[in-house]
Amino acid sequence: MDNLLLEKIIKEKKTEELARLNAITIVDKLFAELMDREKDVLSRRFGLYGNDKHTLEEIGTIHKLTRERVRQIEAASIKKLKKIEKLEEYISGLKNSIDSIVKEHGGFVRKEYLLDIMTVLSHDLNGDHTDSTYKNHVDFIVSKILDDQFDRIDNSEYFNSYFKVKDHETAHFENIAKELVNKVDDFKKTLTTEELLDLVKRLESYDKNQGEINKYGSNLDLTDIFKSEVFPDKGELINENKITYSLLQA
C-alpha cells in the first residue's frame, strides 16, 4: 500500500478498504488458529478483552500455572501466530499503513500518538469496543507480530515509549530533544505549539541533521485524521509539521 492509496482510503473512507486496517478483526482471525488457553493468555496479557493488562502472576492464578509456564505459553503462542500461512494476507493492509505513517513522521513516533492515529483512522469499524481496547490490539500487532519491522522502545532517557522503523537510529532526535529542553528552560514561560515548532526548526541540531530527519520524505496528507478532537492542535498545522510535531509529542 503506497501513500497515495492510504491517502485515498483516509479521504473516501470506503468500508471495504478500512476493514483491512481493523486491528480487532485481524487479531480475531489470527486467534482462530490458537487453542482456547493460548487465546486467553494472550488476551489477558495484552488487554484484548477490554480490561487492564494482566501480569504473569495474575494469569497463572487463573489457570493454576506458574509464572514461568505462562511466559512460555505467551512466547509459544506468539511464535505460532507468526507462522500462520495466511498471516501476510490478514495483516498486510495494517502493516503497510503503519509503515507509511511511521516513516511519514521520520521513522520515529510516540507509541500513544501512533495508536491515536490508527484509532481515529479505524474509528467507524470499532463497534462497541472502547478506544483503549482497539489501541491494545494495534499495540499487540506492532509490538509482537511486526517486531521484525518495528522496534518498540520503552525506556528512553529522552522520550516517552515510542515505535521506530527497525534498526533506524534516533540519536539525531535525541540531540534535538536535548537542545530543545535547554532552550525552553531559558524562556521561563509557556510556549504555544507554533512557537515550539518554530523553535525546533531554528535549533543547530535540527539544521545539522536534516538528512536523517527527512530520510523517508513527508508527503502523505493526514489532515482529515488530525482534525479529530483527539488531537489538541489544528489539523493543518500538524499535517504541515508532522515530523517536528511528532518529536514534540515524544
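The legends below describe close-up views of a predicted model. Local features require pLDDT of at least 70 and side-chain atom pairs count only at pLDDT 80 or more, whereas totals for chains, interfaces and linings use all residues. Residues are numbered from 1 along each chain as its sequence is written, and side-chain values use heavy atoms, with hydrogens and water left out.

**View 1. The packing of helices α5 and α6.** Helix α5 (residues 56-63) packs against helix α6 (residues 67-82) at an angle of about 100°, and their axes lie 8 Å apart. Helices (H or I, at least four residues) and strands (E, at least two) are DSSP runs, numbered from the N terminus. Axes are lines fitted to C-alpha atoms, for helices over the stretch in contact, and angles run from 0 to 180 degrees between N-to-C directions. The two helices α5 and α6 are therefore roughly perpendicular (65 to 115 degrees). In α5, Leu 56, Glu 57, Ile 59 and Gly 60 meet Arg 67, Val 70, Arg 71 and Glu 74 of α6. The residues of this contact (heavy atoms within 4.5 Å) comprise three nonpolar, one polar and four charged. Asp, Glu, Lys and Arg count as charged, Ala, Val, Leu, Ile, Met, Phe, Trp, Tyr, Cys and Pro as nonpolar, and the others, Gly among them, as polar.

**View 2. The buried residues of helix α4.** In α4 (residues 36-45), Glu 38, Asp 40, Val 41, Leu 42, Ser 43 and Arg 44 are buried (under 20% relative accessible area, with a 1.4 Å probe and protein chains only). These buried residues pack against α3 (23-31), α5, α6 and α9 (131-145). Just after α4, Gly 47 adopts a positive phi of about 65°.

**View 3. The largest nonpolar core.** This core has 48 residues, and Phe 31, Leu 81, Ile 98, Phe 140 and Ile 141 have the most contacts inside it. A nonpolar core is a set of buried Ala, Val, Leu, Ile, Met, Phe, Trp, Tyr and Cys residues joined through side-chain atoms within 4.5 Å. Beyond its neighbours within four places in sequence, Phe 31 is in contact with Lys 39, Leu 42, Ser 43, Leu 48, Leu 81 and Phe 140.

**View 4. Lys 64 in the loop between α5 and α6.** Although Lys 64 is not a glycine, its phi is positive, at about 60°. Lys 64 counts as exposed because its relative accessibility is 73% (exposed means over 50%).

How values were computed: Angles under 35 degrees count as roughly parallel, over 145 as roughly antiparallel, 65 to 115 as roughly perpendicular and the rest as oblique.
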